[in-house]
Amino acid sequence: MNMVNLKINGIDVSVPQGSTILEAARKIGIEIPTLCFMKQKNEIGACRICIVEANEGRGFRQVTACVYPVSEGMEVKTNTEAIQKARKTTLELILSVHDKSCLSCKRSTNCELQKLCRDYGVEQSSFEGTKPKYELDLSTPHLVRDNNKCILCRRCVAACAEQFVSVIGPNDRGFDTSIGQAYNKSLNDTPCISCGQCTAVCPTGALTERDDTDKVWDALADPDKIVIVQTAPSVRATIGECFGLPIGTNVEGKMVAGLRRLGFDKVFDTDFAADLTIVEEANELVERIKNGGTLPMITSCSPGWVKFCEFYYPELLSHLSTCKSPQQMGGAVIKTYYAEKAGIDPKNIFSVSIMPCTAKKFEVTRDDEDASGYPDVDVALTTREAARMLERLGVSFESLPDEEFDSPLGDDTGAAVIFGATGGVMEAAVRTANAWLNKASEPIEVEALRGTAPIKEATVNLAGNDIKLCVASGAAAAKVVMDKLAAGNPEGWGFIEIMGCPGGCVNGGGQPIQPQYIRDTVDLKAVRAKALYDQDKNMPLRMSHESPVIKTLYKDWYKDGFGGKKAHHDLHTSYVPRKKFR
């Protein structure tokens, strides 16, 4: 590899040929500010915040560090008086057309524009002129678009393109440019899959999840409501980030304690429903194999992926497992089995979920998700919304004691915990299938299904038959897999797991927002997933069918067994072919 030698702020640095000034600076611990840059996704040099002075033998001149390549002998200055003045002017120009309602903005104190303005002492803009006014896009249950806070960085456009769907982009030109949908349609009139990846990369408050916390506060204040909350597997590995804890810190006990202090009557673990998903899904797969059902079967835990399939591959919907997601199974069991055992009328239960995913907000509105006659889940909150509720309560998160989930719907296995990482659902299913069909007493470890690669494959032998498995995460990877399936499944896959977000739920659109320089330099997916696999490794039970909750549930409630009539009514759902966009 050819190396290039240069100086940055007088410090010698050597980097591979083709590196940019930004990459070279990061190698020696200098973080040049950016607003539009996303590594390998949005390298357009549009915002001009990253300008530096570079000398290649012809005197110093201003260049954009994020796209400008280094050269041998180059000298770079990143923070001269002229550079600071230029960045400050750029920030003032951005503010001249920006809605500065920071006090009420969800991104306040975690806004990249706000931080830069604070760093450079920019309080107001010196520039006066026409200020465009945009109506909020409130057309979807999962997202709010406020173009009054948009800085035209195009990060959201890049994230949507990475997800293949590309339903947003720049409209008009020049001063009239805005980010939105083609022909200025509302977002609800596009094949958006509700994944929320755009909200995770937006540097301001232009894109945020639909805030449903007031509905939960109202329910908590209603003496006639029994308010029950469940938390997804991945949330324990991420919510601590909202309170300044290191990325990948497992805060399960403190999370439970905090939710109790909010006033929830019961705090349950969605993991029990993940175990339930595995036994129902495994049974469905066996039934399909025995009875000539549609194969390969594809998992249905991710509502963003399900919506993607409904829009782009409606002719292949029969491959989807009919199992509800763990969120919906959890809600169904809470309002049927638990309600009867606790002597509560399900109409008086207000069921809340805390999820890594904005698509879960869409999922709770779907038809055929009401086992008790009432919605399985009333409100789905993102990890970020739950953290905001705890902040409003004044919780000192780090000081909270570790507490356990409420029983019986708080017990789980290691197989359920790893649901939050790409490949986790498949590995959990293989563990149970291996135990059932190969009479194994120890959980199988399927290392090939772990990691953050968009597409992973493995082969396992079950009852003497080699079964080829495929795992995909992110809609772009899903497209690759589905195109092969549409072409006749030349790979010979027998079982497929697909998650709508790259890396799975640990990287969901509702997870804590990290500044882009962290997203560029830290593999959030891998670090967060490690916390889940570490917990799984140390749990006494690591296979879903071993869960005492699952055993009791089928003994007392779903007495006709896995996939029986009652289980099918409560725990399975249907899908809707939507207008095809392919």
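A polar atom of the Asp376 side chain lies 2.9 Å from the backbone nitrogen of Ala371. This structure is a predicted model. Asp376 sits in the loop between helix H11 (359-363) and strand S14. With a relative accessibility of 0%, Asp376 is buried, because buried means under 20% relative accessible area. Leaving aside residues up to four places away in sequence, Asp376 touches Lys324, Gln328, Gly331, Ala332, Lys335, Ser351, Glu369, Asp370 and Ala371.

The C-alpha atoms of Lys335 and Asp345 are 8.2 Å apart, and the two residues are ten apart along the chain. Asp345 belongs to the loop between helix H10 (326-342) and strand S13 (349-355). Its relative accessible area is 35%, so Asp345 is partly exposed.

### Sheet and helices

Strand S13 is part of an open sheet of four strands, ordered S11-S10-S13-S14, with parallel pairing. S11 (266-269) and S14 (379-382) are the edge strands, each pairing on one side only. From one strand to the next, the twist averages 25 degrees. Strand S10 (residues 226-231) runs parallel to S11, and four bridges join the two. Within this part of the sheet, Val229 stands opposite Val267 of S11.

Helix H8 lies across S10, S11 and S13, at about 35 degrees to S11. How do H8 and H10 pack, in terms of angle and axes? Helix H8 (residues 270-291) packs against H10 at an angle of about 105 degrees, and the axes are 8 Å apart. Angles of 65 to 115 degrees count as roughly perpendicular, and H8 and H10 are therefore roughly perpendicular to each other. On the H8 side the contact involves Thr270, Phe272, Ala273, Ala274, Leu276, Thr277 and Glu280; on the H10 side it involves Pro326, Gln327, Met329, Gly330 and Val333. The residues of this contact comprise seven nonpolar, four polar and one charged.

Helix H4 (residues 155-162) is mostly covered, with six of its eight residues buried. The buried residues in H4 are Arg155, Cys156, Val157, Ala158, Ala159 and Cys160.

### Backbone geometry

| Site | Torsion | Value |
|---|---|---|
| Asn9 | phi | near 55 degrees |
| Arg154 | phi | about 70 degrees |
| Phe164 | phi | about 75 degrees |
| Leu295 and Pro296 | omega | about -5 degrees |
| Ser407 and Pro408 | omega | about 5 degrees |

Asn9 has a positive phi although it is a residue other than glycine. The loop between strand S1 (3-8) and strand S2 (11-16) holds Asn9, which is partly exposed at 38% relative accessibility. Arg154 is likewise not a glycine and has a positive phi. Arg154 is located in the loop between strand S6 (143-145) and H4, and its relative accessible area of 28% makes Arg154 partly exposed. Phe164, with its positive phi, comes just after H4.

The two omega entries belong to cis peptide bonds. One joins Leu295 and Pro296, and Pro296 is placed in the loop between H8 and strand S12 (297-298). Another joins Ser407 and Pro408, with Pro408 in the loop between helix H12 (383-393) and helix H13 (414-417).

Conventions: Residues numbered from 1 in each chain as written. Predicted model: local features only at pLDDT ≥ 70, side-chain atom pairs only at ≥ 80, totals over all residues. Heavy atoms only, no water. Buried < 20%, exposed > 50% of the residue type's maximum accessible area, 1.4 Å probe, protein only. Axes fitted to C-alpha atoms, helices over the stretch in contact; angles between N-to-C directions. Parallel < 35°, antiparallel > 145°, perpendicular 65-115°, else oblique. Contact = heavy atoms within 4.5 Å. Nonpolar A, V, L, I, M, F, W, Y, C, P; charged D, E, K, R; others polar. Pairing = 2+ DSSP bridges. Polar contact = N/O pair within 3.5 Å; in protein donor to acceptor, adjacent residues only side chain to side chain.
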